[in-house]
Amino acid sequence: GHKMANTYKFNREHIKKSDMICGYGAGKELVKNQLKEDLKEMYFEGVEDFFYEAQDNITPMVSVLKETFQTLWEDERTEYTWTLPDGFVAYLRPVETVEITVNPFNQLPIKLIAKAIVPSARNTRLGVSIIHSVDGYVARELVSRCKYDIEKCLTVLVRIDEFLALNQKHHDDSRHSVAGIISHTAIENLANLDDSEYELYSKSELIEMRQRLIKILEGKSFPVKPIHDGFGCHPNNEKAMNSHYSDILAELTDGHLLESIIMEISGKTMLPLTGDLTGDMVRENSKYAIS
């Protein structure tokens, strides 16, 4: 007989948490329990298989990334470090609680609980830490763009103009910024540095910095209150904050931060990944990007 195929439609509320924990490296059992909790009466046995199938169709890169993070983990390694676009260096030391027995003067054995840096076979934490470190970069970057230092911004703008006028032959096509992403923090830092630091950046990077400074100076400086990945500001500044947030996501899309982090951790070179998504597409479609 003819068997009718069922189509299951889930909305964001049903699968958001499962999608998130799955991206962080949660196993099938955890994902299944989360789906059970969120789908409620819509839950049925084996629904997680449909969830994985849909995920592979819609966001195939998630599976690739999880595999990549798993292969970067080395059971014997005690330290991982990587650099974010604003120069912030993330450190991950696999720490575990261990029990140590000490016996002073062979009189009385004492058991101590201590946290020790030990090699570990639990390997989801590297992927989670990389994702959180990028979240941290986005938060720092958004705060520094919204609450910018007007004196520093004007100083750097004038000095970039002077530098480009005095160094007409300065082309230098090798980009100096981390992962091809220019952080506003790095731009403001140039206010305190001499011309040799400007020389490190390619002409196109200096022009990009100049354009960014002009855009930022058009709006006023205002404070932002971030809580993890939620950002609060005065309602009058919301549009400006959303625009900065879209820019940061677009720059991450056009840059190659993931490849840069993988190369720094593994010590191996890697070609930039090319996808269909561009920064401009992110800017056009990011009206729900900020919470």
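Residues are numbered from 1 along each chain as its sequence is written, and side-chain values use heavy atoms, with hydrogens and water left out. Because the model is predicted, local features need pLDDT of at least 70 and side-chain atom pairs count only at pLDDT 80 or more, whereas totals for chains, interfaces and linings use all residues.

Helices α2 (residues 28-39) and α3 cross at roughly 100°, and their axes come within 9 Å (axes are lines fitted to C-alpha atoms over the stretch in contact, with angles from 0 to 180 degrees between N-to-C directions; helices are DSSP runs of H or I, at least four residues, numbered from the N terminus). The two helices are therefore roughly perpendicular to each other (65 to 115 degrees). Lys28, Val31, Lys32, Leu35 and Leu39 in α2 meet Val47, Glu48, Asp49, Phe51 and Tyr52 in α3 (contact means heavy atoms within 4.5 Å). This contact comprises 6 nonpolar, no polar and 4 charged residues (Ala, Val, Leu, Ile, Met, Phe, Trp, Tyr, Cys and Pro count as nonpolar, Asp, Glu, Lys and Arg as charged, and the others, Gly among them, as polar).

Helix α3 (residues 47-58) also packs against α4 (residues 60-72), at an angle of about 100° with axes 4 Å apart. Gln55, Asp56, Asn57 and Ile58 of α3 and Pro60, Val62 and Ser63 of α4 make the contact.

Notes
Angles under 35 degrees count as roughly parallel, over 145 as roughly antiparallel, 65 to 115 as roughly perpendicular and the rest as oblique.
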